[in-house]
Structures are given as structure tokens and as C-alpha cells.
Amino acid sequence: MKKFRIESDSLGEVSVPADAYYGAQTQRAFENFAVSGKRMPREFIRALGIIKWAAAEVNEKLGYLDHKIAEAIGRASREVMEGAFDHDFVVDVYQTGSGTSTNMNANEIIANRANELLGGKRGSKVPVHPNDHVNKSQSSNDVIPSTIHISGLESIEKNLLPALKELYTALHDKSKEFDAVLKIGRTHLQDAVPIRLGQEFSGYAVQIKHAVRRVESSCPYLRELALGGTAVGTGLNAPAAFAPLAIQKISAITGIPFVKAENYFEALAGRDAVVETSGHLKTVAVSLLKIANDLRWLNSGPRCAIGEIILPSLQPGSSIMPGKVNPVIPESIMMLCATVIGNDSAITIGGQHGNFELNTMMPMIAYHLLESIRLLAQGSHILVERCIAGIQANRERAESLIENSLAMCTALAPIIGYDAAGRIATEAFSTGKTVRQVALEHRVLPEKQLNLILNPRTLTKPGISQRRAGSPK
């Protein structure tokens, strides 16, 4: 039978599981917000631990905490950082919009653990109190936005940007590997003029190169922390020296140069930095979705469709069709990209709810931001490792499709005119012949000159065929 202890808060007595490190306020929130079963992410909890550790050290330095209490809070906070109490962070994402319940969840866990370290009991609030000591010089209203920025920027710099750079390198390498492979281009899903497979992959590589720059451009705003603004931005109950020293400590712990917010009223009420970051993440997702979908199409077949590239075979693709292998990694990437795009919509709505001096959708914003970063980082890594690294060009198939393309007549248009080239294409389509065959039959150009103009390789280098061909006799 589960045992409980009785705790009390300003609303009265509360039964709390005897073995829980959290306390009365967390228990109330756990019961009130039994919504989704989703908890605040690991990255977020780590950042909360960082803030509480930094705050304890600074409060001691400024003379507001006893050394033993500060030391115990610091140790407990580091254990929170490392994940020792993740199971005790029980408050649902969909809670009070300020994130107060999660801040108190952290305060109560750290206070109870600190009391244990000092010989006290869980739930006693002696000698360490969750509000008076762990939360000293802070408010949920400046802690939670600071936690969002710390966790978001740490995740971007340590996970997402390295993964995107890895993806860029893999695509760039493939663009060089495939540079000599000729294939047909496609627009509107219809045959177009020739292109080199390497050129196609170079486009993918630069999409990711730009993605890196977009994500990096939002980082300076995430470096601004609201810590020190306390309840409404005035800094009530926080000494003037607290925020600069605490942020200095946070920077030392994370290795990221965080700074005090330029304006606390903006930092508490607005979530513009996160909305901007999410917008860039959405753009990355759109780029990845395009690339993943192209890989599916280019691999389609293997015999009855495009089949110009061969993706690694990772697992059987059908419960009924033996031997079928599906492009599972690109499909996985497409689904996670759709999730990121949806997350951006939620964050955009959340960013609009900075009513007066406080945004009231912060836990949801934090959850979806960190999920998007995590999905894009891990998805990029998996795409490289399990897909792009093993892609092979089906050179024979790719080059065999070029000659049959009606778009080959595009190269003739500057020489014989648009209308004449169009008539050749129409006849080629109706007779099943190639553009080259029809052009030779009608003797629109000498065979040598025609072959020069219709050389697929020169068609992938703009201007070369026209300059060499000259005018028809």
C-alpha cells in the first residue's frame, strides 16, 4: 500500500507520496493538470538545475544565503541537472501558463534533497525552504523564460548545428561524387532539360548551408536572459548584482555567453526570440522535407519508376509483398518535419499571449521548441548515417532517360526558333521518336552540328552549346 506524508501550503493540507522529493504545490499541480501525460523535456529540467545552482552560489556570495544551505542547494541542483530526479518532475506541460508549477516542482525537489543532505527530512522545509532559499532573488516569471532560452540555445549549439553541418558535408560530398552522372531534370514532375546528379545534390547541400545560417542568426536573441526581472520586470526582491553574477555563472557552466536582457519588460512579456527561432526551425523542416521527398522520388521503382538513385536497403517494406524495400528514412524525416511545422504554429500562437507583463503559454512554447530542435538534430544525423552516406547513383538508368526527353528541343530553340523547335517536340511525342531522330529526318541542322547541340553534357553547362553551334546553313 502506498504511503503518504501530509504537507501544507497556503491553501491547506495536501497528501504527498512519502517517497516523493516534490511537495505540496507540485502535488496540487499534478492533480489539477492531468491532461496529456507529457512532461517538461530533459533539456528544460537541466537548464532549471543550472539556474538554481547559479542562484544559490550568487545568493551566498551576496550574503543572502548561509554557506551550508547554499552548498546543499548547489549539490541538489547539480543532481537535477544530471537527471537524478527526472521521475519527480511530474507536472504536465499543459499547466499554468507562467510555468510556476514546474518552477515550484524544481524548488521543492531541490529543497527536499538539500534537507536530506543536511540531515533533515523530506517535506519538512527545514532548514531549506523551497521559496525562501531555493527561489531566493527569483520569480517563476523570470526563471521560466530564462530556462527556455538556456535549454533552447544549448540544444541548438550542442546538437542541432553540429547535425546540420554534418548533413551539409554529406550532401556536398555526394554532389562531388555524382558530378559526372548525367540525368534528366524535371519541372512540374515533367521531363525537362538535362542536369547532372551532382548539380541536383549541390542544391540540397546549399539549402542546408543556408539552414545553418538561419538558425545561427537567431542565437544572439536567445542569449538574452530574463533572470533578475522577477515578477513583472521591475526586479523586486532581487539585488541589483544578482542577475549579472548569476548569468556569469550560467555562462561558465554552459560554455555559452549569455547576457542580461536588454529590457526585462520585453523579456518577460514577449517570446519573440523563440518565435523567430521556431520560424527558422520551420524553414529547416521545409528544406529537409523537400530533400527527403526528392530522395523518395529519385529512388522510386526500382524498375517501374524513376530509379535514378539507390537508397540503402534497411528493412523489409511490406507484410504482403516479398522483396519490397521502402524509403523508410526519408519517410521518417518527412513526418518529423511535419511535426516541426505544426510546432511552429503552436509557438506562434503562444507568442501572441504576452498579455501585459507576462506571457502565459510558456510551458507549451518550451516543449514544442525543444521537441523541434531535438527532432531536426536527430533526424539530420539519422538521414546522414542511414541514408545519404549509402546512396548510390544508378548511372545507367539516369543517362538512359535523357535521350527520350522531349525537352531536348529546348537547346534547338535559340538556333531554329521556338516555334520550329515546338513542332519537332510535338511530332516526337506523337510518333514515339526522339527529338534527335525527328530533327535529323527534317534536316533542320547538319548532323554534326545537331549532335553538338544535343550533347547532354554540354546542356548542363549553360551557353556552351549555343556558342559552339552557330547559325544553321
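When I say that residues meet or are in contact, I mean heavy atoms within 4.5 Å. Helices (H or I, at least four residues) and strands (E, at least two) are DSSP runs, numbered from the N terminus. What you see is a predicted model, where local features need pLDDT of at least 70, side-chain atom pairs count only at pLDDT 80 or more, and totals for chains, interfaces and linings use all residues. Residues are numbered from 1 along each chain as its sequence is written, and side-chain values use heavy atoms, with hydrogens and water left out.

I begin with α2 and α3. Their axes, which are lines fitted to C-alpha atoms, for helices over the stretch in contact, come within 8 Å and cross at roughly 165°. Angles run from 0 to 180 degrees between N-to-C directions. Under 35 degrees counts as roughly parallel, over 145 as roughly antiparallel, 65 to 115 as roughly perpendicular and the rest as oblique. The two helices are therefore roughly antiparallel to each other. α2 passes α3 in a left-handed crossing, meaning that the near helix is turned anticlockwise from the far one by less than a right angle; clockwise would be right-handed.

Which residues meet between α2 and α3? On the α2 side they include Arg42, Ile45, Trp53 and Glu60, and on the α3 side His67, Ile73, Arg78 and Glu82 are among them. By class, this contact of α2 with α3 has 8 nonpolar, 4 polar and 6 charged residues. Here Ala, Val, Leu, Ile, Met, Phe, Trp, Tyr, Cys and Pro count as nonpolar, Asp, Glu, Lys and Arg as charged, and the others, Gly among them, as polar.

Leucine 65 sits in the loop between α2 (42–61) and α3 (67–82). Is leucine 65 buried or exposed? It counts as buried, at 7% relative accessibility; buried is under 20% relative accessible area, exposed over 50%, and partly exposed in between, with a 1.4 Å probe and protein chains only. Leaving aside neighbours within four places in sequence, the contacts of leucine 65 include Ala56, Ile73, His133 and Lys136.

The axes of α10 (residues 272–299) and α11 come within 8 Å and cross at roughly 160°. That makes α10 roughly antiparallel to α11. Their contact has 17 nonpolar, 4 polar and 4 charged residues. The axes of α11 (residues 328–351) and α12 (residues 362–386) come within 9 Å, also crossing at roughly 160°, so α11 is roughly antiparallel to α12. The residues of that contact divide into 13 nonpolar, 7 polar and 2 charged.

Some backbone details. Valine 126 and proline 127 are joined by a cis peptide bond, with omega about 0°. Another cis bond joins glycine 301 and proline 302, with omega about 5°. Asparagine 237 is not a glycine, yet has a positive phi of about 75°, and at 68% relative accessibility it counts as exposed.

Finally, the cysteines. How many disulfides are there? With a disulfide taken as a pair of cysteine sulfur atoms within 2.5 Å, the count is 0. The sulfur of cysteine 219 is 19 Å from the closest cysteine sulfur, in cysteine 337, too far for a bond. For cysteine 387 the closest cysteine sulfur is also in cysteine 337, at 13 Å, again too far. Cysteine 387 is buried, with a relative accessible area of 1%.
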